[in-house]
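Subject: Structure for your review

Dear colleague,

Please find below the structure that I am handing over to you. My findings follow it.

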Amino acid sequence: MKPVSREGYKFRQDVSIPCYQTNDKTLLRPSAFMDLAQEIAYWAAQELGFGYDTLHIHHIAWVLTRMHVHFQKPVAWKDRVSLFTWHKGAGGLYYLRDFDLRDADGACCVAATSSWVVINEKTRHLVRPDEMAHLLKVDYEVDHAIAEPAPKVALPKGAEPEASGAHTVAYSDIDLIGHTNNARYVVWAMDCLPFEEAEKPLRDLYINFNKETKAGETVELFRFREGSAWYVEGRVEGKSCFVVKMVF
């Protein structure tokens, strides 16, 4: 049985939140939402004819580059929820996909928008949208979970972030295309915060993936606080590989 069902141009997956995706307050962790989102994204793309299996034949793959997640209502262990996703077409070099997580009563709990690119699995270079046109022949309607595309994220001008440790990319970080899985960066970022800060309700999560990281690389982590927002940046040999902004 397929894990997703189609409702018009949207795809739906019904989930019962397991304990291992929650924190000590039994609430869904931000990284767990990232896990759920990437899984339904893969299945939805597959159903539309441009998923992992199809692209892998051509030695190309989807890579998430930016995401904005807005948390509206807490989601807890055992909650039965429905996650929706839909393809919104291309915007410049990016392909846009939105997500909407709803509770059993239909109320929106989490809304998200994401931007993706396609890379050549061998060269790791970008594949331009015009080179993908023959694989992306799909009709869609533009609906928005979040209207504005996920923005560029950077440390505030003049910020002097403090070092907050380092992480060597290991077995549990690597995904099916051979680099660090997008949800792992959120795990690293949350773990950089003081525990009492990380436990506060998160309102918005913004993340940019600037450079892929691979097994064995050491990512130096830096954090900076500005009001109710925390920034975490990861660097490899001084170059930014990701930046996260978390607004509590």
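A residue is called buried when its relative accessible area is under 20%. The model is a predicted one, and the term is applied to it in that sense throughout this message.

Cysteines

With a relative accessible area of 7%, Cys192 is therefore buried. Cys109, at 2%, is buried as well. As to pairing, a disulfide requires two cysteine sulfur atoms within 2.5 Å. For Cys109, the closest cysteine sulfur belongs to Cys108 and lies 6.6 Å away, which is too far for a bond. For Cys192, the closest cysteine sulfur is that of Cys241, at 11 Å, and this too is too far for a bond. The number of disulfides in the model is zero.

Helices H1 and H4

Helix H1 spans residues 30–47 and helix H4 spans residues 182–192. Their axes come within 8 Å and cross at roughly 175°, so H1 is roughly antiparallel to H4. On the H1 side, the contact involves Pro30, Ser31, Met34, Asp35 and Gln38; on the H4 side, it involves Asn182, Ala183, Val186, Val187 and Met190. Sorted by class, the residues of this contact are six nonpolar, three polar and one charged.

Gln21 sits in the loop between strand S2 (10–16) and H1. Its relative accessibility is 10%, so Gln21 counts as buried. Leaving aside residues up to four places away in sequence, Gln21 touches Leu27, Leu28, Arg29, Ala32 and Leu36.

Nonpolar cores

In soluble globular proteins, nonpolar side chains tend to be buried together. In this model, the largest nonpolar core holds 62 residues. The members that touch the most other members are Phe33, Met34, Met67 and Met246. H1 supplies the largest share of this core, with nine residues.

Another core, of nine residues, lies apart from the largest one; its members include Ala159, Tyr206, Phe224 and Val247.

Yours sincerely

How values were computed: Residues are numbered from 1 along each chain as its sequence is written. This is a predicted model: local features need pLDDT of at least 70, side-chain atom pairs count only at pLDDT 80 or more; totals for chains, interfaces and linings use all residues. Side-chain values use heavy atoms; hydrogens and water are left out. Buried means under 20% relative accessible area, exposed over 50%, partly exposed in between (1.4 Å probe, protein chains only). Axes are lines fitted to C-alpha atoms, for helices over the stretch in contact, and angles run from 0 to 180 degrees between N-to-C directions. Helices (H or I, at least four residues) and strands (E, at least two) are DSSP runs, numbered from the N terminus. Angles under 35 degrees count as roughly parallel, over 145 as roughly antiparallel, 65 to 115 as roughly perpendicular and the rest as oblique. Contact means heavy atoms within 4.5 Å. Ala, Val, Leu, Ile, Met, Phe, Trp, Tyr, Cys and Pro count as nonpolar, Asp, Glu, Lys and Arg as charged, and the others, Gly among them, as polar. A nonpolar core is a set of buried Ala, Val, Leu, Ile, Met, Phe, Trp, Tyr and Cys residues joined through side-chain atoms within 4.5 Å.
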